[in-house]
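Please open the model in the viewer and follow the selections below in order.

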Number of protein chains: 2
Amino acid sequence: MVTIADVARAAGVSISTVSYVMSGKRTISQETQDRVTQAIADLEYSPHASARSLASRSTNVIGLQAPLRSGVDVHVVMQIVGGVVTEARANHYDILLLTGDDAAGLSHAARASMVDGLLVMDIESNDPRIQTLEGLEIPSVLIGLPAGADSLVCVDFDFEAAGRLAAERLAELGHRRIALFGAPAEVMDRHTSYADRLMRGFLDGCDEHGLVGSVHACPSGAEAGAVVDAVLNADAELTGILIHNEGALPHIAARLNATDGPAAAREPAVIALCPAEMAQAVAGLADSIAIPAEQIGAAAADALRALLAHQNPGKVLLLPPTLASRVG
Amino acid sequence: MVTIADVARAAGVSISTVSYVMSGKRTISQETQDRVTQAIADLEYSPHASARSLASRSTNVIGLQAPLRSGVDVHVVMQIVGGVVTEARANHYDILLLTGDDAAGLSHAARASMVDGLLVMDIESNDPRIQTLEGLEIPSVLIGLPAGADSLVCVDFDFEAAGRLAAERLAELGHRRIALFGAPAEVMDRHTSYADRLMRGFLDGCDEHGLVGSVHACPSGAEAGAVVDAVLNADAELTGILIHNEGALPHIAARLNATDGPAAAREPAVIALCPAEMAQAVAGLADSIAIPAEQIGAAAADALRALLAHQNPGKVLLLPPTLASRVG
DNA sequence: GTGAAAGCGCTAACAA
DNA sequence: TTGTTAGCGCTTTCAC
């Protein structure tokens with residue numbers, strides 16, 4: 001193991017000089033500078049992370065609690081994580097993956113000084129972790145938007161605006177009765193923040209434009225097709241659909257494009273709410289609203305960076321939705 | 001911040017006693033034991049991770065290099081990560097998420113003593129990271145199986161056996177000309193270990209049973225349907241299909257179940273190679289071979305745990321495939 | 001512009 | 001059965 005003492009010896013300087021060359025917190029003569037830099041390179045020295053964080057009282061690590069439970073859109077989660085990781089790296093932070101959905105993991109990581117800050121995903125409208133986070137000594141950012149006004153910084157896609165936008169678009173196209181096929185029942189049941197907000201925006205949008213809107217939890221597999229058929233059969237006037245369910249999307253699309261079944265005659269208009277590449281990959285969709293998953297992650301990581309730098313990232317950051325039409 | 005000294009003071013003992021109560025490396029009287037345990041609980045003390053690892057020369061953290069690049073099966077990756085995390089937690093290890101696919105990230109984490117060991121995913125048949133890993137002071141486990149015999153421990157699903165099994169099954173069913181629709185071209189092009197091995201096993205199986213087999217890279221979106229149609233059109237005798245592509249699976253299934261197109265008349269037999277739940281979710285599949293993604297992750301984490309405990313986990317651990325028939 | 005040395009909070013000898 | 005203390009490798013005051 002190469003230590004700072006080895007580097008100091010090789011460069012013929014003191015330990016503190018090596019430290020200051022690395023941190024840049026002191027002016028060093030160019031000559032010394034060079035000798036030290038050279039020694040560091042020669043010896044392939046990397047400062048011992050624990051020693052550094054013990055002395056400096058900061059770890060340069062961010063704790064990320066990502067959901068691994070069922071019902072979540074895996075692509076979206078992965079992309080958010082990717083955005084977090086990329087942005088964090090750019091700011092010289094590493095990511096500690098916290099498991100479990102509980103508050104215990106969060107407070108343990110904080111109390112053990114394993115991380116400088118926390119990023120928490122899969123927020124529920126009334127999330128029990130919030131109270132824990134508020135009591136910690138380190139800052140945190142929620143990826144999601146809980147119901148109550150609380151003191152934590154929140155970053156997310158504006159699902160409410162997306163729901164409203166979809167309703168508005170379908171109204172424009174002349175539809176009067178529309179449906180949202182959303183997350184699986186388990187996700188809706190635990191009032192995952194985004195599911196709640198999307199539903200609210202969608203129904204509000206329907207109200208505003210005098211539409212009749214309904215919301216349906218939707219399984220993520222092939223059974224989604226049957227759900228859609230059932231809903232279409234139950235309402236002969238239903239002609240507009242918003243889908244927000246990665247797993248169900250290809251199956252629903254296939255069902256709607258099929259030459260048999262209730263959709264065949266009606267040819268309902270479909271809007272998909274999903275990452276842009278996914279909308280591309282699924283055929284037969286008129287419109288889509290992209291979920292900028294990677295940006296969400298990057299924005300959240302950046303908000304945390306700001307907090308750690310004692311800057312003010314703003315209380316709530318919601319990325320706005322935009323509609324992409326297939327047909328020009 | 002609560003330190004060990006605070007706990008010692010509260011319990012009326014020395015700090016070493018507190019340390020020994022936590023580690024259990026010394027016999028302590030029941031009475032002292034209780035007082036210390038109580039003080040720890042009262043003060044909500046968690047030992048400072050960096051201080052501990054500086055003194056003990058071990059971090060209880062495992063570095064995980066997971067692929068975030070395109071073309072990978074996100075569900076499988078997430079499930080493997082889930083397995084790693086769960087197994088690691090059970091053994092009191094945390095997971096540091098390493099980004100990038102490069103060797104640099106690995107050696108940096110090792111040299112900075114950020115991790116006790118490394119877990120590396122998305123292995124290519126001829127992976128440049130292997131040499132780096134072999135030179136490190138800390139142990140590592142590959143999730144994948146590179147081509148050359150090397151000195152590293154490898155854990156993975158036995159894709160080669162799976163390919164052979166699929167060919168054998170299709171032969172049994174009486175098919176003579178069969179095709180593998182596999183990973184996207186980018187994955188095949190970089191010779192990702194599992195793609196190479198699956199192909200080899202599949203073609204070997206064809207040889208063994210006198211079948212004509214072909215292998216096709218397959219995009220993960222709706223375009224997969226067109227690829228399948230093209231292949232079916234090009235070979236009128238092709239009647240058996242193995243699919244190993246999460247993104248393409250629902251689209252191919254839909255295409256094969258459609259009442260039009262080349263598949264309609266032929267009704268080819270299909271075997272899906274994917275996580276079990278996914279096979280369930282996609283309609284119209286006769287057989288499937290499950291990828292035990294979570295077990296792979298758990299097995300890899302366990303192999304690394306063994307290495308860290310100076311046990312011998314064995315050089316190569318390949319989880320065997322099993323065939324599940326829909327029709328009893 | 002540079003060095004010496006006092007911690008950071010723990011673990012693990014060593015001592016009793 | 002318990003306490004005292006010397007580090008672990010770094011950062012950062014002091015001192016020059």
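Select B:I28, which sits in the loop joining α2 (15-23) and α3 (30-43) of chain B. The model is a predicted one. B:I28 has 18 C-beta neighbours inside 10 Å and therefore counts as partly exposed, since a buried residue requires 20 or more. Leaving aside residues up to four places away in sequence, B:I28 touches B:T17, B:Y20, B:V21 and B:Q33.

Next, select helix α4 of chain B, residues 49-56. Its buried residues are B:A49, B:S50, B:R52 and B:S53. Viewed down the axis of α4(B), they fall within an arc of 160 degrees, so they line one face of the helix. Display chain A as well: its α4 (49-56) is included in what covers these buried residues. Just beyond α4(B), B:R57 adopts a positive phi of about 60 degrees.

Now show the contact between the chains, to which chain B and chain A each bring 40 residues. On the side of chain B, α4, α5 (74-90), β2 (94-98), α6 (103-111), α12 (249-257) and α14 (276-281) each supply at least two residues. The largest share, seven residues, comes from α5(B). Coloured by type, this side of chain B comprises 19 nonpolar, 17 polar and four charged residues.

Finally, select strand β2 (residues 94-98) of chain A together with β2(B). How many bridges join the two strands? They pair in the antiparallel sense over three bridges.

Technical notes. Residues are numbered from 1 along each chain as its sequence is written. Chains are lettered from A and ligands numbered from 1 in the order in which they are written. This is a predicted model: local features need pLDDT of at least 70, side-chain atom pairs count only at pLDDT 80 or more; totals for chains, interfaces and linings use all residues. A residue is buried if 20 or more other C-beta atoms lie within 10 Å of its own, exposed if 12 or fewer, and partly exposed in between; C-beta atoms are placed from the backbone. Helices (H or I, at least four residues) and strands (E, at least two) are DSSP runs, numbered from the N terminus. The arc is that of the directions from the helix axis to the C-beta atoms. Two residues are in contact if their C-beta atoms, placed from the backbone, lie within 7 Å. Ala, Val, Leu, Ile, Met, Phe, Trp, Tyr, Cys and Pro count as nonpolar, Asp, Glu, Lys and Arg as charged, and the others, Gly among them, as polar. Two strands pair if DSSP finds at least two bridges between them.
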